Amino acid sequence: MANQLGPTDPRQARPTESEITAFWGSVRIEWRATDEVVLNTRWVEEMRRLYRNGGVAATRFELVGETAVFDWFAQRNRLDEEIQICTHLLARIEILCAWFGSESEVPRLGVGIFCADAGFSLDGELAAQLALGGAYLPFGGSDAEAQVIARQLADALTEGRASEVTVFRTEEAWHPWFKKTSAFDRTWVVIDRRRRVVTMFAATDES
């Protein structure tokens, strides 16, 4: 996946493990209340209608504070194995409570359950899940309609900078919120590396 955040400086050393640990201990979460329109697009509305025995949960926030460590890895598109961003974010109770509700709990994540891709793939993944329908309700529209609806959300998330966005996804039911139905348990963690904005969607339905 190409990085479009600017040229990297080969003289800039990789952050040390202690600097990475310090970053995760100090970085703050700033909720993006003004971005509710992104979290309530037609794709979300349609998925909530279809997943009537489960639902769709979403949250969106910005990483703020001393972010030099994040920026080093983000510029090189190395947020997964080296900085383990999903593992760290999903260990924060304030994120989980905002995402799944006040009764949330910190899960034990397996190694490598999230796979990463560039933002270019996002609209296709969202369209495919929408077109699949729910456990009991069909989407009812055409594939072309599903693509249009998904593209609206993907465009809002990538802002025309898909190469600067990393999408982490999994089909694992990694949290008690999921209904543990493999065809319908999905999670997307969408990271705008330039703006340090993270958007999370989880979907589940029960057959």
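**Close-up views of a predicted model**

View 1. Trp24 is placed in helix H1, which spans residues 17–26. The model shown here and in the other views is predicted. With a relative accessible area of 11%, Trp24 is buried. Beyond its neighbours within four places in sequence, Trp24 has contacts with Ile83, Ile85, His88, Leu89 and Arg92. The C-alpha atoms of Trp24 and Phe70 are 9.3 Å apart in space, and the two residues are separated by 46 residues in sequence.

**View 2. The ring pair Tyr51 and Phe184.** In the whole structure, a search finds 13 aromatic pairs. In the pair of Tyr51 and Phe184, the ring centres are 5.7 Å apart and the planes stand at 85°, so the arrangement is edge-to-face. The two residues come from distant parts of the chain, 133 residues apart. Tyr51 belongs to the loop between helix H3 (42–50) and strand E2 (55–64), and Phe184 to the loop between strand E4 (165–170) and strand E5 (186–192). Tyr51 has 1% relative accessibility and counts as buried. Phe184 is buried as well, with a relative accessible area of 10%.

View 3. Distant parts of the chain are linked by the pair: Phe100 is in helix H6 (residues 93–100), and Trp174, 74 residues apart from it, is in the loop between E4 and E5. Phe100 counts as buried at 16% relative accessibility, as does Trp174 at 9%. Both rings belong to a cluster in which ring pairs link Trp99, Phe100, Trp174, Trp177 and Phe178.

**View 4. Arg76 over the ring of Trp72.** The face of Trp72 has Arg76 lying over it. The distance from Arg76 to the ring centre is 3.9 Å.

**View 5. Packing of helices H7 and H8.** The axes of helix H7 (residues 122–132) and helix H8 (residues 143–158) are 8 Å apart, and the helices pack at an angle of about 135°. H7 and H8 are therefore oblique to each other. Their crossing is right-handed. On the H7 side, the contact is made by Leu122, Asp123, Leu126, Ala127, Leu130 and Ala131. On the H8 side, the residues involved are Asp143, Ala146, Gln147, Ile149, Ala150, Arg151, Leu153, Ala154 and Leu157.

**View 6. Packing of helices H3 and H8.** H3 and H8 cross at roughly 125°, and their axes come within 8 Å. This makes H3 and H8 oblique to each other. From H3, the residues Arg42, Trp43 and Glu46 meet Ile149, Ala150, Gln152 and Leu153 of H8. Ile149, Ala150 and Leu153 of H8 also take part in the contact with H7.

View 7. The buried residues in H7 are Leu122, Glu125, Leu126, Ala127, Gln129 and Leu130. Among the elements that cover them are H3, strand E3 (115–118), H8, E4 and E5. Leu122, Leu126, Ala127 and Leu130 are buried and also belong to the contact with H8. Gly133 follows H7 and has a positive phi, near 80°.

Conventions:
Residues numbered from 1 in each chain as written. Predicted model: local features only at pLDDT ≥ 70, side-chain atom pairs only at ≥ 80, totals over all residues. Heavy atoms only, no water. Phe/Tyr/Trp six-rings, centres within 6.5 Å; stacked < 30°, edge-to-face > 60°. Helix = DSSP H or I, 4+ residues; strand = E, 2+ residues; numbered from the N terminus. Buried < 20%, exposed > 50% of the residue type's maximum accessible area, 1.4 Å probe, protein only. Lys NZ or Arg CZ within 6 Å of the ring centre and 35° of its normal. Axes fitted to C-alpha atoms, helices over the stretch in contact; angles between N-to-C directions. Parallel < 35°, antiparallel > 145°, perpendicular 65-115°, else oblique. Left-handed = near helix turned anticlockwise from the far one by under 90°. Contact = heavy atoms within 4.5 Å.
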